[in-house]
Amino acid sequence: MALAIGCSSFRVIHRVEALQWSSPRAAVISEFHLPMRSYEVKNRTNVDEIKSLRLITAIKTPYLPDGRFDLEAYDTLVNLQIDHGAEGIIVGGTTGEGQLMSWDEHIMLIAHTVNCFGGHVKVIGNTGSNSTIEAVHATEQGFAVGMHAALHINPYYGKTSTEGMISHFESVLQMGPSIIYNVPSRTGQDIPPHVIYDIAKSPNFAGVKECVGNNRVEQYVSNGVIVWSGNDDECHDSRWEYGATGVISVTSNLVPGLMRELMFGGKNQSLNSKLLPLMKWLFFEPNPIGLNTALAQLGVVRPVFRLPYVPLPLEKRLEFVDIVKDLGRENFVGEKDVQVLNDNDFIVLGRY
């Protein structure tokens with residue numbers, strides 16, 4: 001076949017050659033992008049300091065009526081955690097509604113927390129994402145503003161293979177101490193133990209926040225992996241019967257002193273039983289709906305919600321008043337009497 005182009009002609013000769021097919025292999029260029037990290041920042045916190053934490057609170061993010069952060073209320077919440085013995089806080093986690101923040105808001109809140117409280121409590125920034133490049137970028141920024149450790153979830157929604165999980169975690173573990181978060185009920189995908197054992201070889205691997213249950217906790221502990229319970233209603237047994245180091249807690253936003261006692265005071269089934277109704281109430285609807293409602297009823301934060309979260313119904317708000325009375329108002333954060341808020345007391349924002 002001849003092709004005429006201008007005054008030239010070309011003859012294309014088709015040859016059939018036997019080619020041996022081989023499976024495509026991903027090309028990984030070693031150190032093509034070096035991690036943006038500072039050893040000055042990293043040296044503030046040794047990974048062993050993170051591994052030793054018993055009570056870590058997944059702190060609530062409160063809002064002003066226009067939807068911006070209420071930093072005065074936030075500072076009060078963090079100070080209450082410090083005063084009652086919490087050793088670490090998760091900033092911008094699920095409880096703190098990091099999923100509703102812009103990355104600018106997210107990094108600003110981490111920076112604010114480090115600046116104001118970093119000398120009194122370990123600041124663990126939730127800089128995880130289902131996009132590896134977002135997770136890498138946010139983690140670089142988080143450590144640059146001084147956070148002590150990062151919290152990382154496995155890629156959700158657009159799920160990946162276990163090999164992809166390992167590569168994802170390896171990409172973010174280069175920056176500094178990190179806790180891996182396994183919560184299949186939210187991500188739709190379990191992080192299997194062999195993935196954890198693989199990435200645990202990293203010197204920056206601190207441990208796992210595990211929500212699958214105590215059998216998994218026991219399995220990890222028996223293999224030398226640090227574990228924090230991610231289930232408040234199981235954390236007492238996780239700590240004292242299955243060997244967990246501690247808990248990353250939602251309930252401690254409300255009763256930090258009692259949660260510290262639960263993690264530090266030895267087996268205490270009586271206290272655990274007293275706390276279970278509160279824990280059950282908190283998770284009647286997906287977290288942080290219950291917590292947001294409770295803190296508003298206690299007068300510690302303004303009753304402002306960013307959609308898609310809305311307050312618990314009146315029936316549950318009435319129930320919370322009874323729970324507070326049963327446990328004792330003095331055990332809860334804040335100084336105001338617990339209130340039953342009406343529907344029109346809440347501000348629910350779709351745009352902010």
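Of the 352 residues in the protein chain, 52% count as buried, where buried means under 20% relative accessible area, exposed means over 50%, and partly exposed lies in between (1.4 Å probe, protein chains only). The model is predicted, so local features need pLDDT of at least 70 and side-chain atom pairs count only at pLDDT 80 or more, while totals for chains, interfaces and linings use all residues. Residues are numbered from 1 along each chain as its sequence is written, and side-chain values use heavy atoms, leaving out hydrogens and water.

Let us look at the whole chain before zooming in. Its secondary structure comes to 14 helices and twelve strands; helices (H or I, at least four residues) and strands (E, at least two) are DSSP runs, numbered from the N terminus. Among contacts in the chain with a separation of 6 or more, 69% are between residues 24 or more positions apart, a contact being heavy atoms within 4.5 Å. The chain exposes about 17100 Å², and carbon and sulfur atoms supply 51% of that area, computed by the Shrake-Rupley method with a 1.4 Å probe, with only the protein chains shown counting as cover for residues.

Now follow strand β7, residues 178-182. Because five of its five residues are buried, β7 is largely enclosed by the rest of the structure. In a regular strand the side chains alternate between the two faces of the sheet. Both faces of β7 are covered, with S178, I180 and N182 buried on one side and I179 and Y181 buried on the other.

What lies alongside β7? Strand β6 (residues 149-153) runs parallel to β7 and is joined to it by four bridges; two strands pair if DSSP finds at least two bridges between them. Here H152 has I180 of β7 as its bridge partner. Strand β8 (residues 205-210) is also parallel to β7, with five bridges joining them, and S178 stands opposite F205 in β8.

D70 sits in the loop between β3 (55-58) and α3 (71-83). With a relative accessible area of 6%, D70 is buried. Not counting residues up to four places away in sequence, D70 touches P62, Y63, L64 and R302.

V310 belongs to another loop, the one between β11 (304-306) and α14 (314-327). At 38% relative accessibility, V310 counts as partly exposed.
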